[in-house]
Amino acid sequence: MSAAKKPRQGKLVQDILINGTLFLLVALWTIPTLGVLVSSFRTRFDIQTSGWWSILPHKEWLLVEEFDIPEGLDPNSVMEIRGVRGTFDDFRQGIETPDGKQLIWIGNKRLGRIQVQELRWTMRTAFTLENYRQVLAGKSFELQTPDGSIITVQGDNFVGAFLNSLTVAIPATVIPILIAAFAAYGFAWMRFPGRRLMFISVVALLVVPLQIALVPILQDYVKLDLNGTFLAVWLAHTGFGLPLATYLLFNYIKSLPRDILESAFIDGASHFTIFTRLILPLSVPALASFAIFQFLWVWNDYLVALVFIGAKPDVQVLTMRIAEMVGSRGSDWHLLTAGAFISMILPLAVFFSLQRYFIRGLLAGSVKG
Amino acid sequence: MEPPANSNASPQGIMDWLVSTFGRLLVSIAVPLVTFGLLIVGFRFLRETIPDNNTQKALLSLLAMVWGVGGAALVYVAANWQVERLPAAWTRRLQPFIFVGPAMVILGWYLALPTVRTFWISLHNRTGTEFVGLQNYIDVFTQRIMLEAFRNNLLWIVFGATLSVTFGLLVAVLADRSRFETLAKSLIFMPMAISMVGAGVIWNFIYEVRDAASPQIGLLNAIWVALGGEPQAWTALVQPWNNLFLIVIVIWMQTGFAMVIFSAAIKGIPTELIEAARVDGANEIQIFFRIMLPYIRGTVITVTTTIIIFTLKIFDVVMVMTGGQFGTHVIATQFYRQAFTNQNKGYAAAIAIILLLAVVPVMIYNLRQFREQEAFS
């Protein structure tokens, strides 16, 4: 209404300004991930010698001709090759010819060759899946070197780490939800002594950061010989996720209409039947939101895994494997980028397919201690 | 395997009663024992079997998941079955504890007791053999390494929270008026799905540095060199400002979170209010600062406090990017280093307690807000 009064041009300028700024911000936010995605498909050589953006059209010195050093030149003085003059060091650096080409001396003073290069538009688009193959591979992996020979290298066994991440994340999501749902039902719809006190302590425990628990729990695990087992990590994630899960599910279950429960009771159903047949199906939206939050939290977790899985390579999860690679082979970008991307595939898939639940879960999870 | 409870129910006699009671008792003992035994055997099997290849490993993973999830469910079913066989009065009395009991046991073991135990450990020396009173706390607040960590966390809070909130607001307001709202919001929110370790790799790649003679493969240095600068190792630069290059990562991740919440809040502002201001001749900037911002003030505070808690506990990013080198340690990384690398348990426990004390007031405020908003319904 008021927009119609404004001159059309002002509206257009405002539109361009808004969308332009927004586009700039989106670009800033997306480019870092894009760089890693693109790099993970580039060859090791390409990654090491050029930025990932060189897949875009750009000008680069490219080899057009190569010839032997002309006879009778003294490399220790000023030489003249194809009409350009310079010392050996100048030629090593590369000298531009008048017609826009570049001469470069390759090799040492006696056994050298001259390359003629030209600045041309080009795109480096040699993509490969080799990085993923090597990262995913288990104990041995055959790799073709640039000179054609085949060498066997140790793969990074990301398949194993991926399986470990799944084995940690799925039960560490389902178990706390199960336990929390039972407790939430108990708090919401059952009467027993100590109910209020117990519920208050659940809410109070929301504030405790998990760092508090690491040292004592590790002591217990060492005593019980539980360290480095999946059970240890599941239980830890269950403990740290329970206050939030119980609190959220309590709020949800409490808000369900009370007559459902009463009519079921009159029909002679027990609490257990009402819970499994009635309340759980009705709570699916709340369960799904929390499940997605918890799943991503566990999948992306590094600290809990680091402390309770420690140095056991068979049980290491993806985040640990990647962090380890950053430490030991921080410049092997062809493997790091592929590895990082493998660890992101599942969260990103969850994110793009279940965005609504994902956002709700995250908002709800923002109070996690 | 187990005798049916009433199979011998013959017409009369004390023997029958005995057999039936005995049978019931046997079942009552057998069910928990069998449940427990199954779980133990499963655990042993899963723990001791070492897979030869990834196919076997996948199978074992599946078994482990079934064992874990099924085991948890089985415990409830078995316990409930047991309680429902009792006289009705006892069922009513005990059943609530089947429902809330496991949760309370786990919470007690993993959070309540550890708080007390960590406090106790913090009053002792590094191995826990000697009572030292508050000495660890005095050390934490006087030693250079911890003061550095506190300073860095302060930088994280100040820059991380402020800039995440600012960018989040900016995107929310802009997206609200754009045709590409959904797409833009999706892309800005995406980093929230990525692990902080993954984000560390992404940004390490941006900050990658090569010597001046070779081409720069890190984006930041490529731009910097193209503008005529010398290649820099950004995260090892002048302290403490190198921390800002780590903080950028958290801004990158948390802006999406702030944006989503602000976006919802902005959509809740009555349109008549904004239209009225427009009619009165207010420009867009005035509308933002005089109407929108005061209207969503509560939300801004909640988002800020949430990000403050997040930055107080920041760990993974620092660990992956610098490992705490170059003066980038924060509270949580120092805690990890003292507890598990230096094996200085008392000192680490003191750090954890201080972290708890720092988080509590902010959390309490947040919870109160959360309850008012009923965000989860």
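Modeller: Please bear in mind that this is a predicted model. Helix 8 of chain A (residues 211-224) packs against helix 3 of chain B (residues 88-122), with the axes 7 Å apart and an angle of about 100° between them.

Colleague: How is helix 8 of chain A oriented to helix 3 of chain B, roughly parallel or roughly perpendicular?

Modeller: Angles of 65 to 115 degrees count as roughly perpendicular. The two helices, helix 8 of chain A and helix 3 of chain B, are therefore roughly perpendicular to each other. From helix 8 of chain A, the residues in contact include A:Ile212, A:Val215, A:Pro216 and A:Tyr221; from helix 3 of chain B, they include B:Trp109, B:Tyr110, B:Pro114 and B:Ile121. Sorted by class, this contact holds eleven nonpolar, three polar and two charged residues.

Colleague: How many salt bridges does a search of the whole structure find?

Modeller: Over all chains, the search finds 13 salt bridges. In reading each one, consider the distance, the location of the partners and their accessibility. One of them joins the side chains of B:Arg179 and A:Asp15, at 4.0 Å from N to O. This pair crosses between chains: B:Arg179 is in the loop between helix 5 (144-176) and helix 6 (181-189) of chain B, and A:Asp15 is in helix 2 (residues 8-40) of chain A.

Colleague: Which accessibility class applies to B:Arg179, buried or exposed?

Modeller: Exposed means over 50% relative accessible area. B:Arg179 has 67% relative accessibility and so counts as exposed. A:Asp15, at 24%, counts as partly exposed.

Colleague: Where do A:Glu130 and A:Arg133 lie?

Modeller: Both residues are in helix 5 of chain A (residues 130-136), three residues apart, which is about one turn of the helix.

Colleague: Which residue forms a salt bridge with B:Glu181?

Modeller: The partner is B:Lys267, and the closest N and O atoms are 2.9 Å apart. B:Glu181 belongs to helix 6 of chain B and B:Lys267 to helix 9 of chain B (residues 243-267), so the pair ties together parts 86 residues apart in sequence. B:Glu181 counts as buried at 15% relative accessibility, whereas B:Lys267 is partly exposed at 45%. Through shared partners, salt bridges join B:Asp176, B:Glu181, B:Lys185 and B:Lys267 into one network.

Colleague: In what order do the four strands of the open sheet in chain A run?

Modeller: Strands of a sheet pair through backbone hydrogen bonds, either parallel or antiparallel. In chain A, the order is 1-6-5-4, and the pairing is antiparallel. Strand 1 (58-68) and strand 4 (95-96) of chain A are the edge strands, each pairing on one side only. Ten bridges connect strand 1 of chain A with strand 6 of chain A (residues 112-122) in the antiparallel sense. A:Leu62, for instance, has A:Glu118 in strand 6 of chain A as its bridge partner.

Methods:
Residues numbered from 1 in each chain as written. Chains lettered and ligands numbered in written order. Predicted model: local features only at pLDDT ≥ 70, side-chain atom pairs only at ≥ 80, totals over all residues. Heavy atoms only, no water. Axes fitted to C-alpha atoms, helices over the stretch in contact; angles between N-to-C directions. Parallel < 35°, antiparallel > 145°, perpendicular 65-115°, else oblique. Contact = heavy atoms within 4.5 Å. Nonpolar A, V, L, I, M, F, W, Y, C, P; charged D, E, K, R; others polar. Buried < 20%, exposed > 50% of the residue type's maximum accessible area, 1.4 Å probe, protein only. Pairing = 2+ DSSP bridges.
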